[in-house]
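Here is a request for a short tour of a protein fold. Please look at the sequence and the structure first.

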Amino acid sequence: MAENGDIFLRAKRRTFSGLTEDVEREWRGPFCFIQAADPQLGLINDWRDSGPGDVWSEEVQLIQQTVGAVNKLRPRPRFMVLCGDLVHSMPGSPYRSGQEADLKRALEDTDPSIPLVFVSGNHDLGNTPTPATVQQYCQDWGDDYFSFWVGGVLCLVLNSQLFYDASLCPALKEAQDVWLNQQLHNCLEEPRPKHVLVFQHIPLYLKTPDEDDDYFNLHKDVRPRLLEKFKAAGVKAVFSGHYHRNAGGAHDGLDMVVSSAIGCQLGGDAHGVRLVVVTADAVLHRYYSLEQLAAQGMDLDLRKLLQQP
């Protein structure tokens, strides 16, 4: 529900590097950012013990560990995006306000030079969002969809729950669709972005574009339409979470990147984040466990790419 106004509406309302949008539309060389997903305070206890989700100290520790590892990176990431399911308690549920407050406190130590970008997930809005739950999210975390420029790259943050089930808020879905169509149309005008990236919670698909419908992907009645729109506009990659495992694929030049969680793991991956390096010709990404990122930082081959003119 946003134009390109305050592009980072966060727990701490930092400005984005102090640069104007006009400056950020210009390509000024390679950079990196962090993509994370599903801190989801309360899920580990709920999943492990079938409890009510009233304990989330483990997730707080993992977020603090994430912040510490990201703060140490050199060169610094241009931003860190959290791709949804910020907390586990659904709208109106007990413990939600406490989970949100603890998440904001854990993120406060993020270096001020690394802006935070929040993406809405199904636990943030409800599996079937309503105008009220979307409004509450926007008050607590910022707009549920918006765009921003960074270093010549256009980034689109989407509310994927409106693609999944907008039966109780069809007007909100229509508004995002109109906005998105305009944004994608603008990508084809000169000067064109160096790259176009999309951030959302629910993946378009987990492995292949023609896979069957699943709780963890967008369904076939919307998936082909979005893929066609994104590819026509030159979108390079779609980054998502939701699956709590690493997955994804590539199709006709469009990467579908599914990153595992900071919080609860549902597969064999470690708690971690994805480091993304953007060069003039490519968008490269690698998943790091939190321990690996804290101990060794960015791999040398990726660091060398950031030193290119």
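What follows is a set of questions and answers on helices, a sheet and a loop.

This is a predicted model, in which local features need pLDDT of at least 70, side-chain atom pairs count only at pLDDT 80 or more, and totals for chains, interfaces and linings use all residues. Residues are numbered from 1 along each chain as its sequence is written, and side-chain values use heavy atoms, with hydrogens and water left out.

Reader: Which residues of helix 9 are buried?
Author: Helices (H or I, at least four residues) and strands (E, at least two) are DSSP runs, numbered from the N terminus. Buried means under 20% relative accessible area, exposed over 50%, partly exposed in between (1.4 Å probe, protein chains only). In helix 9, residues 223–232, the buried ones are Arg-223, Leu-226, Leu-227 and Phe-230.

Reader: Within what arc do the buried residues of helix 9 fall?
Author: The arc is taken over the directions from the helix axis to the C-beta atoms. The buried residues line one face of helix 9, because seen down its axis they fall within an arc of 100°.

Reader: What does the face of helix 9 turned away from its buried side carry?
Author: The buried residues pack against other elements, among them helix 8 (170–186) and strand 7 (235–240); contact means heavy atoms within 4.5 Å. The face turned away from them carries the exposed residues Glu-228 and Ala-232.

Reader: Which strands are the edge strands of the open sheet of five strands?
Author: Two strands pair if DSSP finds at least two bridges between them. The strand order is 3-2-1-10-11, with mixed pairing. Pairing on one side only marks the edge strands, strand 3 (116–119) and strand 11 (283–289).

Reader: What is the bridge partner of Leu-82 in strand 3?
Author: Strand 2 (residues 80–83) pairs with strand 3 in the parallel sense, over four bridges. Leu-82 has as its bridge partner in strand 3 Phe-118.

Reader: At roughly what angle do the axes of helix 3 and helix 4 cross?
Author: Axes are lines fitted to C-alpha atoms, for helices over the stretch in contact, and angles run from 0 to 180 degrees between N-to-C directions. The axes come within 9 Å and cross at roughly 25°.

Reader: Is Gly-268 buried or exposed?
Author: Gly-268 sits in the loop between strand 9 and strand 10 (272–278). Its relative accessible area is 82%, so Gly-268 is exposed.
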